Amino acid sequence: MSEPVYILGGARTDFKRNLKKEGKTIRHIIIEAGKGAIDDAKIDPAEIQAGAVGNFNAGQFTKQLQLGAFIPEIDPKLRGIPTMHTEAACASGALSVLLGAEWIMGGIHDVVLVVGAEQQKTMSSLDGSDVLGAAADYHNEKPEYGDFMFPKLFGRIAQIYVEKYGATEATLALAPWQNCAHAKLNPLAQMRDADLTLDCASQVSDKNPSVASPLKVSDCSQITDGAASVVLVSGRYLDKIGRDRNKTARLFGYGHTTDYLPLDKKDAPTFSIARKAAEKAFRMANLTPRDLHGAEVHDCFSITEIVAYEILGLAESGKGVELVKSGATALPQVRAEKFKGSFQIPVNAGGGLIADGHPVGATGVRQVFEAYQQLTEQAGARQIENAKRFLTFNMGGSLTTSVAMLWGRE
């Protein structure tokens, strides 16, 4: 990597909020998260040279686009800087981080503000699901899958996985149950007050109805309003202002791939194109999965987290369920007993998409902010001890766009 990229500061909003009930819009959370990140970085806003906004579908959810124009409203000193909007469904946020990072690596800018945001609680769940359907091959897959297309698409992935590897509804439920336990340690998580028992998560009931077999309500991520932001800077900028490179998070490597849009053209549940993104990231960083101390992986549904373990090399093909079942992916803070295995890696320590929340365009940035907090020991009750190498994996569509990033402290 030419010019090294660091995270100098970050912020996020409370994902439990309902902006419409507050009389606020996506504009307000872009401003809130962006200002919070600049304040956390402890720099003059005039130092920021460019901005990137990750968002999936504000045009349909809120009738508002041109989101980069909200960056100058964070502070008048930002008026006039170049901004761009990235969109790749649920991977929109990660692409905004990559855009900012590549500007820095290429020597174009030294300080970039990245914001990811989504306001989804603006319509009924049926209408909202139709908006989310734009992340699929809408005109070809909508006639086949009908309403609530994404739960059905991932229900199909789960069916393929179960048929191939023999997983059960009960074992798939381990991931959301664990993530809900983690969310209780996160004061900004959407589901921090929820009590999901493993028994409830494991079976269909009136409280936990089937959505798209074998997936139940508890296997699905949330409808969320929220934003997250990070300030990315070059190594030379850190040196210029006298900050220690060893005390913040650095981007060690990344991979970004795009597969065919429709699910039936992908090789589920292997997802070889997504695996290439992970392989590129590890190769660039000169690391292996066993070098990691923590990870944020995309769990829009329980099956996505299980498949992600395998895509990222944390588990062999067909062994993702065994990994979570072993307790290796749980924080020690929530385990019932001491972990006895040789490899452990806490995953989704803040609750993941299922329990922390999934404001689509913000998710990729929120994952990176979590990496920053973990690596700088600011994660509070969910802190991973001695975290020095951390992975984020954000994907969009039915594993269409995949972005893997490896972060660490030098």
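Pro4 is buried, with a relative accessible area of 10% (buried means under 20%, exposed over 50%, partly exposed in between, with a 1.4 Å probe and protein chains only). This is a predicted model: local features need pLDDT of at least 70, side-chain atom pairs count only at pLDDT 80 or more, and totals for chains, interfaces and linings use all residues. Residues are numbered from 1 along each chain as its sequence is written, and side-chain values use heavy atoms, leaving out hydrogens and water.

**Pro4**
- Pro4 sits in the segment before β1 (5-12).
- Beyond residues up to four places away in sequence, Pro4 touches Ile104, Val233, Ser234, Gly235, Arg245 and Arg250 (contact: heavy atoms within 4.5 Å).
- Its C-alpha atom is 43 Å from that of Ser125, 121 residues apart along the chain.

**Nonpolar cores**
- The largest nonpolar core has 61 residues; Phe154, Ile303, Ile306, Tyr309 and Phe393 touch the most other members.
- A core joins buried Ala, Val, Leu, Ile, Met, Phe, Trp, Tyr and Cys residues through side-chain atoms within 4.5 Å.
- Leaving aside neighbours within four places in sequence, Ile303 contacts Phe154, Ile157, Ala158, Tyr161 and Leu172.
- A second, separate core of 37 residues includes Ala91, Ala101, Ile104 and Ala387.

**Helices α9 and α13**
- The axes of α9 (residues 174-183) and α13 (residues 302-311) come within 8 Å and cross at roughly 95°.
- Axes are lines fitted to C-alpha atoms, for helices over the stretch in contact; angles run from 0 to 180 degrees between N-to-C directions.
- Helix α9 is therefore roughly perpendicular to α13 (65 to 115 degrees).
- Ala175, Pro176, Gln178 and Asn179 in α9 meet Ser302, Glu305, Ile306 and Tyr309 in α13.

Conventions:
Helices (H or I, at least four residues) and strands (E, at least two) are DSSP runs, numbered from the N terminus. Angles under 35 degrees count as roughly parallel, over 145 as roughly antiparallel, 65 to 115 as roughly perpendicular and the rest as oblique.
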